[in-house]
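Student: I've got a model open and want to know where the labels come from. Can we go through it?

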Amino acid sequence: MEIAPPWALRVVDTTGAGDSFNAGYLAARLTGASQTMAARFGHHLAAQKLGERGAIVPEAALSIPDWEELERGLG
């Protein structure tokens with residue numbers, strides 16, 4: 001399976017991007033999401049991480065899309 005990641009609007013720091021993907025993927029799978037949805041959610045979190053400095057995205061800067069948006073590839 002191949003799931004293309006969304007474009008990051010801006011890249012500030014790559015530290016923690018892989019961990020962000022893994023966290024999103026695993027969290028989605030543990031809540032019953034398919035592999036495809038989990039990969040999209042992981043990509044979404046990693047893209048957000050790229051726009052923030054440091055390894056952790058501040059909660060105020062984090063956006064969680066609706067599952068319907070992820071299914072359409074919008075997240």
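This is a predicted model: local features need pLDDT of at least 70, side-chain atom pairs count only at pLDDT 80 or more; totals for chains, interfaces and linings use all residues.

Student: What makes Phe21 and Tyr25 an aromatic pair that is stacked?

Tutor: Two values decide that label. Their ring centres are 6.1 Å apart, and the cut-off for a pair is within 6.5 Å. The planes are 20° apart, and under 30 degrees counts as stacked. The structure holds 1 aromatic pair, formed by Phe21 and Tyr25.

Student: Where do Phe21 and Tyr25 sit in the helix?

Tutor: Both are in helix α1, 4 residues apart, about one turn. In an α-helix there are 3.6 residues a turn, so residues three or four places apart point the same way.

Student: Why is Phe21 called partly exposed?

Tutor: Because its relative accessibility is 23%, and partly exposed lies between the buried cut-off, under 20%, and the exposed one, over 50%. Tyr25 gets that label too, with a relative accessible area of 23%.

Student: How do you know that α2 is largely enclosed by the rest of the structure?

Tutor: Count the buried residues: 13 of its 16 are buried, so α2 is largely enclosed.

Student: What makes the span of α2 agree with expectation?

Tutor: At 1.5 Å a residue, its 16 residues should span 22 Å, and the end C-alpha atoms are 22 Å apart, so the two agree.

Student: How do α1 and α2 pack?

Tutor: Helix α1 (residues 17–30) packs on helix α2 (residues 35–50) at about 145°, with axes 7 Å apart. The contact residues include Phe21 and Tyr25 of α1 and Phe41 and Leu45 of α2. By type, the contact residues are 10 nonpolar, 5 polar and 2 charged.

How values were computed: Residues are numbered from 1 along each chain as its sequence is written. Side-chain values use heavy atoms; hydrogens and water are left out. Axes are lines fitted to C-alpha atoms, for helices over the stretch in contact, and angles run from 0 to 180 degrees between N-to-C directions. Helices (H or I, at least four residues) and strands (E, at least two) are DSSP runs, numbered from the N terminus. Contact means heavy atoms within 4.5 Å. Ala, Val, Leu, Ile, Met, Phe, Trp, Tyr, Cys and Pro count as nonpolar, Asp, Glu, Lys and Arg as charged, and the others, Gly among them, as polar. Rings of Phe, Tyr and Trp (its six-membered ring) pair if their centres lie within 6.5 Å; planes under 30 degrees apart count as stacked, over 60 as edge-to-face and the rest as tilted. Buried means under 20% relative accessible area, exposed over 50%, partly exposed in between (1.4 Å probe, protein chains only). The expected span of a helix is 1.5 Å times one less than its number of residues.
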